[in-house]
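Hi,

Here is the structure I promised to pass on. Have a look at it first, and then read my notes below.

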Amino acid sequence: MNNKEYRPTLAQLRTFVTIAENRHFGSAAAKLNISQPSLSQALVALESGLEIQLIERSTRKVIVTPSGEELLPYAKATLEAADAFVHRARGAQGMLTGSLAIGIIPTIAPYILPELLRIIHERFPALNPKIVEETTPTLLDQLRDGRLDVALIAFPSNVAGLSEIPLYTENFAVAVKDDHPLAGKHDLELSVLDDLDLLLLDDGHCLRDQIMDLCRLAKISLTEVTESVTRASSLTTIIQLVAAGFGSTLLPVSAVSAECSRPGVTVAEFDTAVAAERNVGLVYRSSSTRAAEFTALGAAITKAYENTVAEGEPLGLTV
């Protein structure tokens, strides 16, 4: 085939992009759900048609050539445009239709999802949301790889090639055992964190990092905070430990209604002048053409958050 007549297929471009992002043929084949020989054949066909080496193979690692690095953004943009074309064709009669893969971090998903899915069904009845709950690093990897369309995380993402849509600022509350001296207070300062036996989530959870950032602001020794042998992968487990008298923790106010209505746990609030909070929003690939749709989704998420937080009022929160 004459090089001037050659036009790569979307499958070939997707093969190149996936190999380049994973730097491993086995991982790329698994993500595309094809065999490694089929993966290699698609790449060879692409390189032969372009008459350019895109990927350098060796026994130890996969290297993207300078030509490959130069062409990679164009390959990604082409795939994004093709996906947008199909999406528009399926949803020409309205916004947000068809399948949408939405990533959500574990300290948001369990609490706003019931209300969010209700609002989505009401506002976007033709949308079929696919929810993926994972920690922030995993969601960002899946977003870059194209396995997610958009992700709901705590900002900032600090990842090149991703765009952000800020949605809301969420305060933290302190969960303590119901007989704790701080129970029911509404004027806490950050300094109280030094007097608490804080329970934290495992590494990889952004809530853990946010609490540690607050400890730094309060000039509290992080060594003491992180020395606890108690580790948990869910906020629900942490709250169960609080109820049993093993310590205290911070949690986002959207989790209060679900987590702190159980016996043995109550909440306390920081003073309104204390910035104990996190910023939450959507992130998506900057090459995506669906910014307007993600903005509409963000409005639904903000409404779901506001409705969820309002449920915490009977538990003493001044929302």
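A quick term before we start: contact means heavy atoms within 4.5 Å. By that rule, leaving out residues up to four places away in sequence, Q210 touches A154, F172 and R278.

Two bits of background. This is a predicted model, where local features need pLDDT of at least 70, side-chain atom pairs count only at pLDDT 80 or more, and totals for chains, interfaces and linings use all residues. Residues are numbered from 1 along each chain as its sequence is written, and side-chain values use heavy atoms, with hydrogens and water left out.

Back to Q210: you'll find it in helix α7, residues 206-217 (helices are DSSP runs of H or I, at least four residues; strands are runs of E, at least two; both are numbered from the N terminus). Q210 has a relative accessible area of 13%, so it is buried (under 20%, with a 1.4 Å probe and protein chains only; exposed is over 50%, partly exposed in between). Other buried residues in α7 include L207, I211 and L214.

Now the strands. In β3 (residues 98-104), five of the seven residues are buried, so the rest of the structure largely encloses this strand. β3 runs parallel to β4 (residues 127-133), joined by seven bridges (strands pair if DSSP finds at least two bridges between them). There, S99 sits opposite N128. β3 also pairs with β5 (residues 150-154), again parallel, over three bridges, and I104 has L152 as its bridge partner in β5.

Cheers
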